[in-house]
Each structure stands twice: as structure tokens, then as C-alpha cells.
Amino acid sequence: MGRPPGGTIGETLAGQKILLTGFTGFVGKCLVWKLLKSVPSVGTIFVLVRGDPKKKMTATERFNAIVNDIPFTLLEKQSISKLSVIEGDLSCDWTSFRQLTTGCVDIVIHAAATVNFEESIKKAVEVNVTGTKRLLAFCNAHLKPRLFLYVSTGYSHCDVMTHVTESIPRLPALDTQQVVAAIDWMTEEMGESVKGQLLGSKPNSYVFAKALCENMINDSIHECSFPVAIARPTIVGAACSEPAPGFIDNYNALTGAWLAYGHGIWRVTSNDSSLNFDCIPVDICVNGIIATVSHCLRASDSGGDAARPITIVNLSTSSTNPCTWNVPERTQWRCRDEVPFDNAVRYPLCFTVRTKLAEKIISLIYQDLFAKLYDLLLLASGSRFRLSRITDKMYRLFNTTSFFVQHQWTWEDRTLMQVDRALAHEDREAFPILASHINWVHYYFDYYLGIKKYLLKENTEDMRTAKRRQLALKGMHYVGEPVILISILSLMAYAIFYFVSLLL
């Protein structure tokens, strides 16, 4: 394909000043990195950063810590000078936004969110909805950008659609503005007392807040003097190729499960491996966002179809290159010996069972009982580490993600394909937005390796020590653990027989 009307992505974004929220998040970091690397002519990128009271870090300190680490250390230092830090919090602190005036921002990309599935309903709405509402109002009154793009989730309406269309379904029996106002008024305790009623069929407060926010944007669109777009990525996973294969910086979703598996903590699952698993590599997700921004700007300038009030693009992989759970499951079996973690406590092994009852029984024996025995040894040695705490966190992760593991969806990709067709040849090479070229077996191997390299900070060049440890754990699994298990079950049987005999 030749050069599209309006030019390439680099030409469209040249000199454009961007305001980005969510810079400290995984997608935000990779988005800024990609812009600095592949669009060197981009204008100033204003990044909103809040201080971290828990770590006692100011916004500037957090910013410096991020740009002095991967992936930004892979860039030339002068490119970082394009970044300008704005200290603030969308949910409460707006004083720092006063430095932004009309004309100083061309594009707003709103990626900030709380992604905690267990977040209180008040906090989830406060950050994900009220913050967005305030930012939209500020853009309309002061910034007047050329485009506002909101990063939502591909699961915002997963309870009402198995085929997710490029539309915004109304929340049943709920008035968006009244719900937001009521939750803002409520205390944390009041919000939790009515949480079940508010969520309805939504699986958690995160999905509810994202759906509510989309409805709020749809209701407010007539007040906006600029085009609005919504990007809906599915489960964002490690990088496929950029900034580095397997790059990951968080413990969410599959990452957390593989950390538990690789350390020998997760031992049983009842997942259906034949279901589709829609994981979008972060670089494909970021490319999709950038390409959508460029597409909407060109269409708006030319008055084309994409100049409609809201452009919705579903960023998924299932339509172009579907993958089932079977692929990451087979990958973890391969990686347990090829990419062992340095500090595994048991030999990685995961049983697949058909029923939840079987899963609970095996979990009790192979996970909970082992964790308690391991903690007794740690207690005797004077260590404060407790394996049972890690096991509890694992159960919480699995409980909050079970809805997404036990179901499957497909996503309409009409707008995504439209954006792809409009890309110039050089843009399709530099900004691939479709997953059709991905070899999932290779991708998930790099993903697992990336967990060891980027999250655990372990040596991936020389793994001989880790492999020797893994070999020892393997011997303990096949020899030592059966002996211990039989001994425990024998003692339990003897105790039961003893007490029954007393009763008789």
C-alpha cells in the first residue's frame, strides 16, 4: 500500500503536543517509549504523575526512577527531554493543570486507572469515572485538543455481550450521572454495602467503573468540541518484540499465575484449555492506540467517516490470530526445566482437573498443607517469610480472574481493520496493530523468560545453578513428597480410627 491521504503516522504526529495520564502504568510507559523511539518529531509529551506516599516518593522522583530504568534506558538520553512532568492526581489534585492553557495540548490520551479488581466501588468510580469526567470538562473548557482518546477495556461489557461490538450498551436501570453523584456522596462503607446491587452482573468494580465511564463519555459527547475515541484492549501481556521480547513490569493476570507456577506454589487448575485466551502483547496494544490517534486526526481533518462523535476500536487478537489456553499451558510445562526460577520452593507441576470439587481437594493437599508445613520449618529457623501468605494472594488472584478464565469472547474488529488498511507500508512495518504475524508458542516462551529477567531480575544468560536446584526439587517431588504425603495421610487415618474406637 502506498502513502495514505494525510501522510504517515510520523507526519501526522510531527510537532503534536500530547498529554498522557497513566504514564507510570505498563501501557503508559510503553506508549511513551514507542512515541519517543518511532516518532522522534513528536512535540512535548506532558505526563501526569502523582507522588507515592507509601514509598515516600514525590512525582519527580517517581518519574526519574522510571526514565532511568528499562525500557527508557534503551533510548538515547536526549529523547527524554521531550517529556514534561505534571504533578497531580486526577481524583483530587488539579492545581498543577493550571500550567496547561488553550493550544498547548493537541492530543489527550487518558490511560490512568485503578486496575485492582478488588477495589472498593467508591475508589473505582472516583478514579476511573469521576477523574475522567473532570478531565473531559477541563479539556472542553480550557485545553480544546484536537482529539481525546480514552483507554478502556475490552471487557467493559463482557457480561452482556459474548461478541463485543463497537458500541456502548446502556447500563440497565441506572442513570449514569445519578450513579456517579451518589457514589461520590457515599462513604467507603456505604458504597460497599450496596456494591452487589450496583455491580449487577458485572464481575467486579473495575469492569463496572469502565462500563460506567464509557456511558458517561457517551452522555457527555454533545458537550465536547473535539473528537473522542475509545480504545478497548483485552488482557495486556508482555511485549512481543518492543521494547524487548518478553518485557513485563507487573504481576497481573497470567504473569501472577506463572510466578506462582514457576515457584512451585500453584499446583492445580480446573480451567478449560480449549477456550480462547485473548492476550494482546503490550507493543501491539500501544501501536493500536497510536495508529488510532493518527487515523482519527487525519479523518477529522478531512471530514471522513472517522470524524463521527465517538470512534471505538477493540484491540484484540482473537479475530486475526486466535489462541487457546492450551498454548500457555504447554509453554509452562516446557519452561519449568528450560527457564527455572532461582528461588522455587517446589518442582513446578500443575494438575488439570474437571471439577471445582476436585480442584479444592487437591489444593488442600498439595498447596495448603504443604504451605503450612513449609511455614513450620521457616518458623523453626527464625525466618519471617510465610509461604501461606503468598498462597493466599494466589487464591485472591484466581478468584478475581476466574470469570475471565471460564468464559470466552470475540470482538468486532471493523474499525481496527479500517485503521490497518489506512496505514502506509512503512507504518505497517513500524506500527503493527494486528496479531496475525505472532507465533504464540514463541511469544509465550519469551513471556515466561521475561518474567524471570524483568520482574525477578534473575540471570537468564547462565541458568546452571537454577537448573541444578530445579533438578534437586524434581527428585524431592518424585521421592520425598510421596513419602511425606503417605506419612501424613497414615497419621490422619490412625487418628480417625483412634477417635472412632473411643466413641465405640
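**View A. Aromatic pairs in the predicted model.** The count comes to 29 aromatic pairs in this predicted model. One of them joins F148 and F226: the ring centres are 6.4 Å apart and the planes stand at 35°, so the pair is tilted. F148 belongs to strand 5 (residues 147–151). F226 sits in the loop between helix 8 (205–220) and strand 7 (228–233). The pair therefore ties together parts that are 78 residues apart in sequence. Both F148 and F226 are buried.

**View B. An aromatic cluster.** One cluster is formed by W258, F277, W325, F341, W440, Y443, Y444, Y447 and Y448. Tryptophan, phenylalanine and tyrosine rings are represented in this cluster.

**View C. Arginine over phenylalanine.** R334 places its charged end over the ring of F445, 4.1 Å from the ring centre. R346 does likewise with F370: its charged end sits over the ring, 3.9 Å from the centre.

**View D. Cysteines without disulfides.** How many disulfides are there? The count comes to zero. For C104, the nearest cysteine sulfur is that of C139, 10 Å away. C104 is buried, with a relative accessible area of 14%. C213 is in no disulfide either; its nearest cysteine sulfur, that of C224, lies 12 Å away. Is C213 buried or exposed? C213 is buried, at a relative accessible area of 0%.

How values were computed:
Residues are numbered from 1 along each chain as its sequence is written. This is a predicted model: local features need pLDDT of at least 70, side-chain atom pairs count only at pLDDT 80 or more; totals for chains, interfaces and linings use all residues. Side-chain values use heavy atoms; hydrogens and water are left out. A disulfide is a pair of cysteine sulfur atoms within 2.5 Å. Buried means under 20% relative accessible area, exposed over 50%, partly exposed in between (1.4 Å probe, protein chains only). Rings of Phe, Tyr and Trp (its six-membered ring) pair if their centres lie within 6.5 Å; planes under 30 degrees apart count as stacked, over 60 as edge-to-face and the rest as tilted. Helices (H or I, at least four residues) and strands (E, at least two) are DSSP runs, numbered from the N terminus. A charge sits over a ring if NZ of Lys or CZ of Arg is within 6 Å of the ring centre and within 35 degrees of the ring normal.
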